[in-house]
Amino acid sequence: MIIQTKNIGIEISGKTIFSNISLEINPNEMIAITGPSGSGKTTLLNCLGLIQSVNNGDILIENQNASQWKEKEKISFWKDKAAFIYQDYGIIEDENVSYNVTLNKRQAKTQVVDEILHTVGLGGRGHDMAAVLSGGEKQRLGVARAIYKKATIIFADEPTASLDQSNREIIINLLRKCSENGASVIIATHDERLVSVCDRSINLKPFM
Ligand SMILES: Nc1ncnc2c1ncn2[C@@H]1O[C@H](COP(=O)(O)OP(=O)(O)OP(=O)(O)O)[C@@H](O)[C@H]1O
């Protein structure tokens, strides 16, 4: 498996957000994290992506204990393997859209980038500054980046939340395709249609 957690738990400001979560996620799997608002979906996603540290338990990534990784090992995980499709995270606002796909000035000008942008519904927007994109467009830019870097693990936070019906279907199909191509795709979502195309879901309950 690509990610395994053993009894992970987290407290924030003395409040338990979740505890004792043990799960295994395989390559090719598309998993939904569901639950009511405030139940900890984003927090769990952040912990699996090593953005936030857990207080208890271990997170294993490709059989290595990632809970003990130093900053340097985390950075190479974020750079080489992970992609984050978050509305407010990882987009470099004062660079253009193409640069944001590749994070490399020279590669940003290639036809591959134009094609990927077209695929996510951002065709012709490559020269626009990322700052002018809407929330939903930023989500799609995140998907473009995940496709470009051929991420092994994709973390998506409400990837369909700000989209209209047709862009929503495009994103659902693209995420499905990423998982069919070998990525593990982990999605925090309220979108029942998106949940229905996932292989399984992890339902969080508000912690009392
Ligand atoms: N940095 C923080 N400081 C204090 N509380 C926090 C912090 N981050 C998260 N929380 C709390 O943790 C709980 C879970 O938040 P989280 O954003 O993970 O929930 P969620 O299930 O993703 O919610 P939503 O569906 O509304 O996005 C909430 O009660 C939230 O207020």
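The points that follow concern a predicted model, beginning with the ligand and ending with the rings.

1. The shell around the ligand includes Pro 36, Ser 37, Gly 38, Ser 39, Gly 40, Lys 41, Thr 42 and Thr 43, and among its other members are Ile 12, Lys 15, Ile 17 and His 190. By class, this shell has three nonpolar, seven polar and two charged residues.

2. Strand E2 (15-25) and helix H1 (41-48) each supply at least two residues of that shell, and H1 gives the most, with three residues.

3. The ligand taken alone exposes 640 Å², of which the protein buries 58%.

4. The structure holds three aromatic pairs. The ring centres of Phe 84 and Tyr 86 are 5.7 Å apart with the planes at 85°, and therefore this pair is edge-to-face. Phe 84 counts as buried because its relative accessibility is 11%, and Tyr 86 counts as buried at 9%.

5. Phe 84 and Phe 155 have ring centres 5.0 Å apart and planes at 15°, so they are stacked. Because Phe 84 lies in strand E6 (residues 82-85) and Phe 155 in strand E7 (residues 153-157), the pair ties together parts 71 residues apart in sequence. Ring pairs link Phe 84, Tyr 86 and Phe 155 into a cluster.

6. Elsewhere, the charged end of Lys 105 sits over the ring of Tyr 99, at 4.7 Å from the ring centre.

Note on methods: Residues numbered from 1 in each chain as written. Predicted model: local features only at pLDDT ≥ 70, side-chain atom pairs only at ≥ 80, totals over all residues. Heavy atoms only, no water. Near = heavy atom within 4 Å. Areas by Shrake-Rupley, 256 points an atom, 1.4 Å probe, with all protein chains shown as cover. Helix = DSSP H or I, 4+ residues; strand = E, 2+ residues; numbered from the N terminus. Nonpolar A, V, L, I, M, F, W, Y, C, P; charged D, E, K, R; others polar. Phe/Tyr/Trp six-rings, centres within 6.5 Å; stacked < 30°, edge-to-face > 60°. Buried < 20%, exposed > 50% of the residue type's maximum accessible area, 1.4 Å probe, protein only. Lys NZ or Arg CZ within 6 Å of the ring centre and 35° of its normal.
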